[in-house]
Amino acid sequence: MPETTSAASPLPVANLLTDLYIGGKGVPAADGGRFDVVDPATGSVITAVADGTVQDAIAAVDAAEQAAAGWAATAPRQRAEILRRAFELMTAQADDLARLITLENGKALADARGEVAYAAEFFRWYSEEAVRAAGELVTAPSGTNKILVLQQPVGICVLVTPWNFPAAMATRKIGPALAAGCTMVLKPASDTPLTALAMARILADAGVPSGVVNVLPARRSGAVVSAMLHDPRVRKLSFTGSTEVGRILLREAADQVVNCSMELGGNAPFLVFADADLDAAVDGAMVAKMRNAGEACTAANRFYVEASIADEFSNRLAERMKALRLGPGLDETNQVGPLVNGDTASKVEELVRGAVDAGAKAVVGGRRPEREGFYYEPTVLLDVTPDAPILQEEIFGPVAPIVTFEDEDEAIRLANATEYGLVSYVFTGDLARGLRVSEALDSGMVGLNRGLVSDPAAPFGGTKQSGVGREGGHHGMLDYLEAKYIAVQW
Ligand code: NAD
């Protein structure tokens, strides 16, 4: 019998699968292993989940292979309707799913609700794209023949996702892969496997045939993912996670020349010019910094503020940060939940300590509160030295380091001085300056007078070491399709 939680369990989603999901069934791990999923608000165990092995990974690829031809041949309209049903089922269960995300990830319930709505939109958007995988037909320049280009599914996909958006990072891959006609194995982060397993149930209820989507929680992620990338049947890796792990997987993927889409780390600069609407800039800063308590690849990591308005901006931001209520995410009165685990909280603590030791001043926060769970106080740091590690590394916590600049050239130079290039934010009242600076910033995305860029209809992704490829929008589906060119003479 597959392991599920009972309807009477404290989990917000009834009958949640806690086994591996392979070939449309819940199955235990080959060696019977399980691992604990922990509530970051208390540090206590929520439940245990099957711990996939290399043998299970190959069984999941077997299931994906068996389903591949049938799914690729399924009419695009039918694939579209299944995706649309998945959107509707997710929306109908939004509240339960949000509670599940908060339970295993820690984020405040309002953030979890926002994530479910965002995640479900990928199913709706790709239900609309599924019937629009257009090819091309042109006459060759020589005039002798036609150039016909078909878009075909890339093949079996391995999808690897992080813990910070356990629903949205999965649907942002599953949606376009299903629309394109691919079958897949999803390896969710081991901190947050329950949301991925809830997704598997929703997709099955929506009508996705057995074996098309397989979900493989596994603590031995290196071995399990490597085994799949060395299986010649696997043709695609889509990874979201840290740049460090991304580099390892690009090397692994090289052995079989597996097609790769990589959504990696960020180090987003947030520029505020003196001519900006300061109310809008502070609102934007709160969204860009505090969505998910700062645990977002798009989180504003470095604030560069024009010197003449730096005091006013910092005071206003500090006031807003100070007013935030910290506590368990399931309590609706709390706006900031715990960080996902003790290591993440310790890393934030270490980065702030390093900045303060080098001369920065914490005007708000700057410490880990003494309470159970993995919390860090919303923090604003002033006088941060330009070489402080907190400006070079992803903070992944509720900390806003502020640095001043004198002119536009300096702002652009500081913003671009990083190996990352995911997103930048610019606040200015001068649209010409806004567009000029946006063009000069070396990042895949820019929020211009806006603290939020994520949109299922837009191409999300980075330049430099923030990644390869785009997710979302029309571009997101191209990552799961391969062009076949036929030279035709008629
Ligand atoms: P991570 O790189 O530690 O893990 C991501 C996934 O890879 C997890 O499923 C993990 O189990 C797996 N993994 C870890 N080591 C592996 C290995 N050796 N081989 C195969 N798989 C392995 O990242 P995380 O801590 O889960 O997530 C935070 C990171 O994700 C941050 O760097 C953040 O910026 C990034 N992120 C990027 C985006 C984006 O769209 N660019 C979105 C969200 C998160």
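The following legends describe close-up views of a predicted model.

**View 1. The largest nonpolar core of the predicted model.** This core comprises 67 residues. F270, L271, V272, F303, F313, L317 and I390 are the members with the most contacts inside it. Helix 9, which spans residues 278-290, gives the most to this core, namely 7 residues.

**View 2. The surroundings of F270.** Residues up to four places away in sequence are not counted in this view. F270 touches the alanines A281, A285, A288 and A300, together with G284 and R302. The aromatic residues F303, Y304, F313, Y425 and F427 are also touched by F270. F270 itself is among the residues with the most contacts inside the largest nonpolar core.

**View 3. The largest pocket and its lining.** The space in this pocket amounts to about 1100 Å³. The lining consists of 45 residues, of which P162, W163, G241, S242 and V245 are the closest to the pocket centre. Two or more lining residues come from each of helix 5 (168-180), helix 7 (221-229), strand 10 (234-240), helix 8 (243-254) and helix 11 (342-357). Helix 8 provides the largest share, with 7 residues. Sorted by class, the lining holds 19 nonpolar, 14 polar and 12 charged residues. Domain 1 (20-264 + 466-488) and domain 2 (268-455) both give residues to the lining, and therefore the pocket lies between them.

**View 4. The second largest pocket.** About 210 Å³ of space lies in this pocket. Its lining includes A108, A110 and D111, as well as M286, V287, M290 and R291. L324, E332, N334, Q335 and V336 also line this pocket. Helix 4 (109-129) and helix 9 each supply at least two of the lining residues, and the largest share, 3 residues, comes from helix 9. The classes represented are 7 nonpolar, 2 polar and 3 charged residues. Domain 1 (20-264 + 466-488) and domain 2 (268-455) each contribute at least three residues to this lining.

View 5. V257 is not a glycine, yet its phi is positive, at about 45°. This residue is located in the loop between helix 8 and strand 11 (259-263). V257 counts as exposed because its relative accessibility is 64%, and the cut-off for exposed is over 50%. A293, likewise a residue other than glycine, has a positive phi near 55°. The loop between helix 9 and strand 13 (300-306) contains A293. A293 is buried, with a relative accessible area of 6%, where buried means under 20%.

View 6. N301 belongs to strand 13. With a relative accessibility of 3%, N301 counts as buried. N301 and G327 lie 26 residues apart in sequence, and their C-alpha atoms are 23 Å apart in space.

Terms used: Residues numbered from 1 in each chain as written. Predicted model: local features only at pLDDT ≥ 70, side-chain atom pairs only at ≥ 80, totals over all residues. Heavy atoms only, no water. Core = buried A, V, L, I, M, F, W, Y, C linked by side-chain atoms within 4.5 Å. Buried < 20%, exposed > 50% of the residue type's maximum accessible area, 1.4 Å probe, protein only. Helix = DSSP H or I, 4+ residues; strand = E, 2+ residues; numbered from the N terminus. Contact = heavy atoms within 4.5 Å. 1 Å grid on protein atoms, 1.4 Å probe; cavity = no way out; pocket = protein on both sides within 12 Å on 5 of 7 lines; lining within 4 Å. Points joined across faces, edges and corners; volume = space filled by probe spheres on them. Nonpolar A, V, L, I, M, F, W, Y, C, P; charged D, E, K, R; others polar. Domains from an automatic or database assignment.
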